[in-house]
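Try each one on the structure before you read the solution.

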Amino acid sequence: SSRSRQKMSDDMMEDEDYEFDYEDSDQDQDDGQVDMENEYYTAKGNLQDGKLQDALSGFQKVLDMQSDSKGEWGFKALKQMVKALFRQARYDDMMQRYQELLDYLHVVTKNQSEKVMTKIVDFVSGSPDMDFLEKFYDKTLAALKSSQNERLWFKTNMKLAKLWFDKHEFHRLQR
């Protein structure tokens with residue numbers, strides 16, 4: 001009798017149709033994140049292989065894939081674009097992308113933004129172009145004022161002061 005109950009229970013399970021026809025917008029978002037991640041790492045690979053134009057195009061694709069919402073992959077793509085353009089001494093393009101990156105500071109955690117910004121400020125500080133550096137530091141300081149990141153603001157101000165000292169613009173150090 002228990003065997004017949006088991007057989008009946010198995011038959012009932014087979015009769016029930018467990019198809020799930022629902023749309024999972026979270027899954028679509030996850031797929032979009034995976035696509036952006038893949039595009040980012042492909043572009044980064046191109047950058048490491050010296051294929052700068054392919055890399056920049058790939059990073060631009062990541063930005064385009066975000067649609068209206070800024071996210072972590074866009075932040076990372078912009079960081080790579082800024083560094084690549086700086087290495088090529090394409091300062092105007094770099095500053096344009098840097099401004100976009102600064103607009104992303106609220107998207108990532110304070111620690112992540114501070115880490116990236118510190119690296120970029122240190123990286124760019126090696127430029128021999130003092131006029132460019134002054135514009136760069138001014139733009140950075142303006143963005144940091146609104147982000148309430150005192151530590152990075154102070155560090156950038158110190159770099160700007162050193163720049164003025166090196167340029168013998170001592171009167172500017174008094175502000």
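The exercises below use a predicted model, and each comes with a worked solution.

**Exercise 1.** Work out how α5 and α6 are oriented relative to each other, and what kind of residues make their contact.

*Solution.* Start with the ranges: α5 covers residues 91–102 and α6 covers residues 110–124. Their axes come within 13 Å and cross at roughly 160°. Angles over 145 degrees count as roughly antiparallel, so α5 and α6 are roughly antiparallel to each other. The crossing of α5 and α6 is left-handed. Next, list the contact: α5 brings Met 94, Tyr 98, Leu 101 and Leu 102, while α6 brings Met 117, Ile 120, Val 121 and Val 124. Sort these residues and you get eight nonpolar, no polar and no charged.

**Exercise 2.** Which residues touch the most other members of the largest nonpolar core?

*Solution.* This core has 44 residues, and Met 94, Tyr 98, Phe 132 and Phe 136 touch the most other members. Now look at who contributes: α2, α3, α4, α5, α6, α7 and α8 each give two or more residues. α4 gives the most, with nine. Then zoom in on Tyr 98: beyond its neighbours within four places in sequence, its contacts include Phe 136, Val 82 and Lys 139.

**Exercise 3.** Is Arg 97 buried or exposed?

*Solution.* Find Arg 97 in helix α5. Its relative accessibility is 17%, and the cut-off for buried is under 20%, so Arg 97 counts as buried. Finally, check its surroundings: leaving aside neighbours within four places in sequence, Arg 97 contacts Gln 60, Leu 63, Leu 78, Met 81, Val 82 and Leu 85.

Definitions and conventions. Residues are numbered from 1 along each chain as its sequence is written. This is a predicted model: local features need pLDDT of at least 70, side-chain atom pairs count only at pLDDT 80 or more; totals for chains, interfaces and linings use all residues. Side-chain values use heavy atoms; hydrogens and water are left out. Axes are lines fitted to C-alpha atoms, for helices over the stretch in contact, and angles run from 0 to 180 degrees between N-to-C directions. Helices (H or I, at least four residues) and strands (E, at least two) are DSSP runs, numbered from the N terminus. Angles under 35 degrees count as roughly parallel, over 145 as roughly antiparallel, 65 to 115 as roughly perpendicular and the rest as oblique. A crossing is left-handed if the near helix is turned anticlockwise from the far one by less than a right angle, and right-handed if clockwise. Contact means heavy atoms within 4.5 Å. Ala, Val, Leu, Ile, Met, Phe, Trp, Tyr, Cys and Pro count as nonpolar, Asp, Glu, Lys and Arg as charged, and the others, Gly among them, as polar. Buried means under 20% relative accessible area, exposed over 50%, partly exposed in between (1.4 Å probe, protein chains only). A nonpolar core is a set of buried Ala, Val, Leu, Ile, Met, Phe, Trp, Tyr and Cys residues joined through side-chain atoms within 4.5 Å.
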